[in-house]
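Please read the following walk through a structure with the sequence and the coordinates side by side.

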Amino acid sequence: MSQFTAQDLDYMSRAITLAKRGKYTTTPNPNVGCVIVKDGEIVGEGAHLKAGEGHAEVHALKQAGAKAAGATAYVTLEPCSHYGRTPPCAKGLIDAGVSRVVAAMVDPNPQVAGRGLAMLEAAGIATAFGLLEPQARALNTGFLKRMEYGLPFVTCKLAASLDGKTALNNGQSKWITSAEARLDVQRHRAQSCVVLTGADTVMVDNARLNVREESLQDIDYPQSELRQPIRAIIDSQNRLTPDLALFKITSPVIIFRRTIDNSAQWPHFVEQIVVPEINGKLDLKAVLNKLAEKHCNYVWLEAGATLAGVMHEQGLIDEYIVYLAPKIIGAGKGLFNTTPLSAMSQIPELVFGDVCQVGPDLKLIATKEK
């Protein structure tokens with residue numbers, strides 16, 4: 001950090017703010033912001049908003065025009081060095097004549113991974129990286145996990161009463177939490193690549209698992225740009241049928257199974273994927289691997305106690321978001337079905353990342369202990 005000035009910090013902070021503009025739309029690409037500064041003045045800035053369209057550097061350079069010559073570019077992620085759906089941003093910065101590039105972090109994508117900075121240095125441009133790297137990593141936890149581990153980032157959504165019950169003993173659960181909490185869930189769904197659940201949840205609730213556009217009217221995005229996440233279902237016993245509400249909405253559905261079900265006429269947007277078994281159950285890590293292969297960065301797990309419990313026990317959940325309603329249910333259904341533990345030392349430690357109020361409910365965010 002000693003190599004960076006207070007001004008460097010301010011400009012990178014601005015770039016990080018810009019990067020957040022793409023959180024609903026950039027997948028499978030990362031969220032990236034760029035600020036171009038010359039003589040102490042911001043002359044161009046931009047954010048990557050959608051895969052296949054201009055990267056943050058492209059927008060910032062277009063705004064800066066001729067003023068980019070001799071300027072410093074602040075980018076939240078190392079400029080790309082390869083031709084994909086768009087030309088390499090490192091080349092664009094070179095052609096524009098910038099004199100210095102500061103990246104918050106090196107891109108873990110094997111197609112980049114230091115090559116962008118090397119390309120800039122070979123062209124005589126001064127480079128540096130590591131400024132506000134933790135904040136930059138927080139922008140793209142899913143993209144980074146997929147690049148570094150071949151798995152998506154999994155968030156488990158839970159909603160319960162104050163005493164940890166998700167439903168009455170007879171199964172009634174609508175609604176424990178408030179309309180405000182449900183709206184917040186819609187926003188999380190809209191930022192996710194996949195909504196994952198089990199066949200039980202789909203069949204009991206006749207769930208659609210889609211993002212309801214009317215609930216996102218106050219978000220500063222054109223509705224046409226908001227995408228529906230893939231709806232992925234664990235259906236090991238081939239119990240789903242095409243007449244369910246899930247299949248009345250024309251958007252991608254993936255069903256993970258032991259065997260392909262050809263007994264019914266499935267809609268064209270439904271894909272069946274066979275995954276191996278472990279101890280008679282579908283291999284859930286293999287499910288996540290398949291989703292990563294489809295360039296899915298974020299999985300939003302909305303499941304019953306059985307699937308949530310197995311995912312938890314297998315260490316496949318990265319983040320838990322729990323909405324707690326100020327209600328006491330007493331006898332009722334719990335959040336997880338898990339194998340009983342025999343010692344306190346067996347309990348996985350979590351860390352609270354945030355606690356806030358959403359309407360009348362509490363929203364708790366917990367992650368694995370680092």
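Ala69 touches Lys38, Ala96 and Gly97, not counting residues up to four places away in sequence, where a contact means heavy atoms within 4.5 Å. This is a predicted model, in which local features need pLDDT of at least 70 and side-chain atom pairs count only at pLDDT 80 or more, while totals for chains, interfaces and linings use all residues. Residues are numbered from 1 along each chain as its sequence is written, and side-chain values use heavy atoms, with hydrogens and water left out.

Ala69 itself lies in the loop between H2 and E3; helices (H or I, at least four residues) and strands (E, at least two) are DSSP runs, numbered from the N terminus. With 33% relative accessibility, Ala69 counts as partly exposed, on a scale where buried means under 20% relative accessible area, exposed over 50% and partly exposed in between, for a 1.4 Å probe and protein chains only. The C-alpha atoms of Ala69 and Leu151 are separated by 40 Å, and the two residues are 82 residues apart along the chain.

One of the residues touched by Ala69 is Gly97, and Gly97 follows helix H3 and has a positive phi, near 85°. Which residues of H3 are buried? In this helix, which spans residues 89-96, they are Cys89, Ala90 and Leu93. Seen down the axis of H3, these buried residues fall within an arc of 110°, so they line one face of the helix; the arc is that of the directions from the helix axis to the C-beta atoms. The buried residues of H3 pack against helix H2 (56-64), strand E3 (72-75), strand E4 (100-103) and helix H4 (115-122).

Two of these partners are helices, H2 and H4, and each can be described by its geometry relative to H3. The axes of H2 and H3 come within 9 Å and cross at roughly 20°, the axes being lines fitted to C-alpha atoms, for helices over the stretch in contact, with angles that run from 0 to 180 degrees between N-to-C directions. H2 and H3 are therefore roughly parallel to each other, since angles under 35 degrees count as roughly parallel, over 145 as roughly antiparallel, 65 to 115 as roughly perpendicular and the rest as oblique. Their crossing is left-handed, a term used if the near helix is turned anticlockwise from the far one by less than a right angle, with right-handed used if clockwise. Here Glu57, Val58 and Leu61 of H2 meet Cys89, Gly92, Leu93 and Ala96 of H3. By class, the contact of H2 with H3 has five nonpolar, one polar and one charged residues, where Ala, Val, Leu, Ile, Met, Phe, Trp, Tyr, Cys and Pro count as nonpolar, Asp, Glu, Lys and Arg as charged, and the others, Gly among them, as polar.

For H3 and H4, the axes come within 9 Å and cross at roughly 20°, and H3 and H4 are therefore roughly parallel to each other. H3 passes H4 in a right-handed crossing, and the contact is made by Ala90, Lys91, Leu93 and Ile94 of H3 together with Gly116, Met119 and Leu120 of H4. By class, this contact of H3 with H4 has five nonpolar, one polar and one charged residues.

Leaving out residues up to four places away in sequence, Asp184 touches Tyr323, Val358 and Lys363. Thr201, in helix H8 (residues 199-205), also counts as buried, at 18% relative accessibility, and apart from its neighbours within four places in sequence it is in contact with Asn206, Ala207, Glu302, Ala303 and Gly304.

The backbone deserves a separate look. A cis peptide bond with omega of about 10° joins Thr27 and Pro28, and Pro28 is found in the loop between helix H1 (6-19) and strand E1 (33-38). Another cis peptide bond, with omega of about -10°, joins Lys174 and Trp175, the latter being found in the loop between strand E7 (165-168) and H7. Asp39, although it is not a glycine, has a positive phi of about 55°; Asp39 is found in the loop between E1 and strand E2 (41-47) and counts as exposed at 76% relative accessibility.
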